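Reader: I would like to learn how to read the features of a model such as this one, going from the overall layout to the contacts and the cores. Could you take me through them in turn?

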Amino acid sequence: MGRIVLEQVTKSFGETQVIPPLDLTIEDGEFAVFVGPSGCGKSTLLRLIAGLEDTTSGKVIIDGEDVTQVSPSKRGLAMVFQTYALYPHMTVRKNIAFPMRMAGIPEDEQNKKIAAAAESLNLTDYLDRKPGQLSGGQRQRVAIGRAIVRDPSAFLFDEPLSNLDAALRVGMRLEISEMHERMKTTMIYVTHDQVEAMTMANKIVVLQAGNIEQVGSPLDLYREPRNLFVAGFIGSPKMNFIEGDEAAKHGAHTIGIRPEHIEVSSDAGTWSGVVGVSEHLGSDTFFHVHDTGLAETITVRAGGEVSFKHGDRIHLTPRQDVIHKFGPDGLRL
Amino acid sequence: MSDRRIPRLLQTPAVVLLLIWMLIPLGMTLYFSFIRYVLNNLRRPEWTSPSLSNWRGVGNYEFVLNSKDFWFAVQNSLFIVGSILFGTVILGILIAVLINKTFPGRGIVRVLLISPFFVMPAVNAVLWINMILDPVLGLNGLAVGGINNLIDNLQTAPVVGGFFSLWPEFEPISFRATQTSAYAVIIMVTWQWTPFAVLIFMTSLQSEDQQQKEAAILDGASAWSQFRFLTLPHLGRPIAIVVMIQAIFHLSLYAEIEIVSRGNGNKNLPYLIGEFANNNIGAASATGIFAVILANIIAIFLLRMIGKTLME
C-alpha cells in the first residue's frame, strides 16, 4: 500500500513561500515523477512527503493516515538521495543492514534480506567493500538496496541519476523502471530531466515555482499540454512557438508546433527559411531554421538521410492536426 | 638512475643542514651522557669541563635508572599525557557537537571557547593554582568554605538540622600537595588544550554530509545512533591528529609542573632532566636520551594508529 495525498500543503522559508497551497494525489503503485526547472520546489515537495521538512500548513496523508506530525522514520517511506548518502565508514553489507539494525530486526532475517537485495541489484560481489571503492552506479544501487530492505510503502527518489554519466543513467533508468514493474510499489521520482520523466512515469507532475502546472500521463502531457510552460518543457527538442499574424490565422495568440511535426522540403511548403546549425544524430537530423519571419529560430526534425547545408533555403510545412493553440493568458484553447 | 642524481644533488644542502641541525645536539647529548660532567664539584674540579678523559661508560645510565625518581617520572609522564588526552578529546567532542548547531551568539561563544588556548602556559598555571585551586584564597577554598558555612547554618535549622549535624566538615583539596599536584597540572592543561580539540573537531563537523544524516533519520536512527554510527567515525581522523599533536606537546610539559609544586610529587622526564641539569649534566643527558627513546616509541605507536585511520 502507498497512497499519498497532499491536502492544501504549503511551505514557507521565512517570508518566502516556496510552495503555495497544493493538492495532489498519488495512487498506490503509481510511478509519479515530479519534473520542473531548478528551484521549482520539486525537491522541497519530496522532502515534505518524506518528513525531512515540516509543512507550514496543510496535511500529508499516507494510506488514509494523517502523518503531517509523524517523524520521518515512522512514515514507512524510503528515500534515495542524489549524492547517494551512503555511510562511508560502513561496508556495503552494513550500509544495507543499517535501517534493519535500527529497527532491531534479528540478524538472520537481516542477512536473508541483504542477500535478496544484493542478488536483485547485482551487488553480491561487493558486499564487503566500502562505498569509496565502488563506482557511481554501484553506489546508487547500494542506496536503492538500503531502501528496498525496509519494505517501504513508497520509494522517494531525489534526482538519483544526476551524478551519473549519460550511459549509466540510461541503464539505471531501465533498472528502476524494471524494479517498479516487479515490485508494484508506489514511487515518487524527482528530476529536472524531462526525458527521465517521459520514459519512466505513469504520472508526471510538472511544477513551476511551487505550482502544479499539469498532472497527467506522459503522452497526455505531450499531446495536450495545458499551457505554454508545459508545452515548452515536455518534448525534446523544445516546441516551436509562433506569435503574431501566423497565430492569428489559427485564431490563437500563440501557436505551438513540435519539431517532429514539421515537414521539410527543398522546393515547396507553407513557410520558408534559411538553414542555420544542423545537428546530425544519425537517425534524425535537427535543423535550426532562421529568417522564417515567424520566430527567431524554428527547429525541425527530419530523417537522418535528409541533408541541407548551412545557408540553404528550405521550405517547411506544419502538420495542421497537431498545431497547439494558446490564448493570450498562455492557456490552451 | 642518472636522472635522479640532479634532484638529489639539489636537495643535498637542505638535507645536510637539517641533519646537522639534529645530529649535533643529539651527538653532544650522547657524548655528555657517557662522561662525568658536573657544573660544580670542589673535590674533583676536572669533572667540571667536558672531556673524554672523564669517560664513565654507561655509568650515567645506571645512575639514572637507579635513581628513585626515574621510573616515577616515566610513569607520571605517561599518566599526565594520557589523562590530558582523555579529557581534551571527550570534552572537545562534546563541546564541538554542542556548538555545531546554530544559535544566537554563536560567534561570541566560539571566540570565548578558543581563548584559553592563547594564555601562556606559565600564566595559565599561576592563574589556576592561585585563583582557582588554592585551598584558602582560591575558588576551591571559597567554595568549600561556603558549603561548610551553609551546612553550619542548616545544622541549627528546625526539622532538617538533625540530618545535617551528621555531616562532616568538608576540607578543601590542597592541589600543591604531593598526592594531588599531578591532578592540578592535568586540570589546567586540559582546560587550556580543550579549545584546540574543539577547534579541530568543529571544522571537521562542518564538513559532515547532511544528506547522510537525513538518510539516517529516514532509516530510523536516533540522535545517539547518528552520533555513534556517523559522527564518531567521521571524527576518527581528527581525533587521531589531536591525540598525536597533543601527545608530543604534553610529553614536554614543564612550566605547569614547576609552578604548581616544583616537582614535589609530580615529575615528568623533562622536569627530571631539569633537576639533574642543576649540577649533573652527564645524568641529565642520559635522561634526555631516555626521553628521546620514549618519545620515539610513542611517536611510532601514534603514527601507526594514524596511518590506520588514514588507510581505511
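Predicted model: local features only at pLDDT ≥ 70, side-chain atom pairs only at ≥ 80, totals over all residues.

Reader: How many helices and strands does chain A have?

Author: Helices (H or I, at least four residues) and strands (E, at least two) are DSSP runs, numbered from the N terminus. Chain A has nine helices and 18 strands, and its C-alpha atoms fill a box of roughly 75 × 45 × 35 Å along the principal axes.

Reader: Into which domains is chain A divided?

Author: Domain bounds come from an automatic or database domain assignment, which here gives domain 1 (4-232) and domain 2 (237-326) of chain A. Taken over C-alpha atoms, the centres of these two domains of chain A are separated by 38 Å. Contact means that the C-beta atoms of two residues, placed from the backbone, lie within 7 Å; by that rule four residues of domain 1 of chain A meet seven residues of domain 2 of chain A.

Reader: How many residues of each chain does the contact between chain A and chain B take?

Author: The contact takes 15 residues from chain A and 14 residues from chain B. On the side of chain A, β6 (77-80) and α2 (92-102) each supply at least two residues, and α2(A) gives the most, with three residues.

Reader: Which residues touch the most other members of the largest nonpolar core?

Author: A nonpolar core is a set of buried Ala, Val, Leu, Ile, Met, Phe, Trp, Tyr and Cys residues joined through C-beta atoms within 7 Å, where buried means that 20 or more other C-beta atoms, placed from the backbone, lie within 10 Å of the residue's own. The largest core has 91 residues, and those touching the most other members are V33(A), F34(A), I49(A), M79(A), A143(A), L156(A) and I188(A). At least three residues of this core come from each of domain 1 and domain 2 of chain A. Apart from it lies another core, of 51 residues, including I129(B) and M202(B).

Reader: What does M79(A) touch?

Author: Not counting residues up to four places away in sequence, M79(A) touches A50(A), A147(A), L156(A), D158(A), A215(B) and L218(B).

Key:
Residues numbered from 1 in each chain as written. Chains lettered and ligands numbered in written order. Buried ≥ 20, exposed ≤ 12 C-beta atoms within 10 Å, placed from the backbone.
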